[in-house]
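Please open the structure in your viewer and follow the stops below in order, selecting each group of residues as you come to it.

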Amino acid sequence: MTRRVAVTGIGVVSALGTNAATFWQSLTAGRSGIRPLSGFRAGEFRFANAAEVLEFDSSQHFGDKQAAMLDRSAQLALVAAREAVADSGTETAGPRTAVVTGSCIGGQPSMDEAFVDVYKKGLPRVSPLMIPRVMANAGASLISMHFGITGPSYTVSTACSSANHAIGQAFWLVRSGVVDRAVAGGHEATFSYAFLRAWEAMRVVSPDTCRPFSRDRHGMILGEGAGMLVLEDMEAAVARGARIYAELAGFGMSSDAHHMTQPCAQGAARAMTAALEDAGLAADDIGYINAHGTGTPANDPTETAAIRIALGNAAERVAVSSTKSMHGHALGAAGAIEAAATVLALRHGVLPPTANFTDPDPECDLDVIANTARPARAAAALSNSFAFGGLNAVLAFRAVL
Amino acid sequence: MPDDLTERVIRVIADTQKIPVESITPDSSFEALKIDSLDAINILFALENEFDISIPDDDARAVRSLTDLVALVERLRGHGAAPVHA
């Protein structure tokens, strides 16, 4: 059985707000959610800014007892999943629904507290809730329990490609008929002290802001959040009169087999080409690419080269943007948040811009939609994710009008 | 003959790269030592620990050679010449 797969629900929690509507308003206004790092961490790092979900209030969504068992990452996952499922209007309970989530570090920030207790304070015990808080699949488990979803549920972890790998796997499950629908996406809560110190040591975080494809870019801005999509068998979605945002038409993966942190144009291009082939799309069909676009000196020219390899002459005409300039790099959630942006762009005929763009870089000489959203109907779009470790995952979406 | 500071920097590089100290000379290029971008930030981290200094990203980016690295460490320890750039 090979079905077509529809995107019928979207949920987003990000630095741009705690729902998909405010997310999309901010994206189309070119408004960045990058702000001074909050709380105890401010002023301690080589970077001063971040894309935190400042509006998220756990107590609005979870009782005290439930919150005690859940790391922020899993909480963000469920809030986004609730929005996506409500948005889709579909019934998700039972064995015909899957949950596939991506997360880079799971609930490791919770473990910070345990390390302080054990190694610094010398306490002899750690909370028994620590294990369920830390496990990377907590988000998937929570979503399955909340909705009574009894089909396959699991979590994939491929650093910054986690969410795209997750959505791609869920796509396969629906397309092949293993299930009829899936809740798929990614979630990440990045802001623990030790993790920020580790990112600081990597020297890839910008001291000011995130300026993808701009000549004066100085790195990424760390973000957090969650994005969830509801994927459904297209025929069933049409039959029930669902609002269909777009078709998830193809999924491509590759490995660089190159380096643990350096990007590789050939590897990234292979994933894009694989997504196009899987979707049955030609390079000329692609009107928009939501780039991985981290804003690091290394990523953006490499991705530019990759887009040229994959699209050939069509790269001269394709519109590209990096919405990380607004919602930051949410690591394991990035692909899902960007898939939401891509699907909304196809649905509304508006391409979100690359914010904070100041100066064109000859090494990133694509049409990078600088600062202002562009009204344009794309027939199809790609959403790129490339991870440390050289693991690439690209989603191809087709507009449904 | 390398001075004391250069010798200490060489020792840090040798230790980080897991290569013999003798394989590094003051005029060794990073390419010859097979130091890639991840190795470089790992060396910066080791130097920060060795000399109890903090190396700003801008300074780190400007380093092209072992001579640059030694000059940078010297400046950040407060014993060297004034910075030549802001």
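Begin by selecting A:S255, which stands opposite A:L391 in β14(A). This is a predicted model, in which local features need pLDDT of at least 70, side-chain atom pairs count only at pLDDT 80 or more, and totals for chains, interfaces and linings use all residues. Residues are numbered from 1 along each chain as its sequence is written, while chains are lettered from A and ligands numbered from 1 in the order in which they are written.

Eight of its nine residues are buried, that is, 20 or more other C-beta atoms, placed from the backbone, lie within 10 Å of their own. Strand β8 (residues 246-255) of chain A runs antiparallel to β14(A) and is joined to it by nine bridges, and strands count as paired if DSSP finds at least two bridges between them. Strand β13 (residues 380-387) of chain A also pairs with β14(A) in the antiparallel sense, over eight bridges, and here A:F386 has A:N392 as its bridge partner. Three residues lie between the strands of the β13(A) and β14(A) hairpin, where A:G389 takes a positive phi near 95 degrees.

Now move to A:A275, which, neighbours within four places in sequence aside, is in contact with residues including A:F251, A:L382 and A:A396; contact requires C-beta atoms, placed from the backbone, within 7 Å.

Finally, turn to chain B, where eight residues are in contact with eight residues of chain A.

Notes
Two residues are in contact if their C-beta atoms, placed from the backbone, lie within 7 Å. A residue is buried if 20 or more other C-beta atoms lie within 10 Å of its own, exposed if 12 or fewer, and partly exposed in between; C-beta atoms are placed from the backbone. Helices (H or I, at least four residues) and strands (E, at least two) are DSSP runs, numbered from the N terminus.
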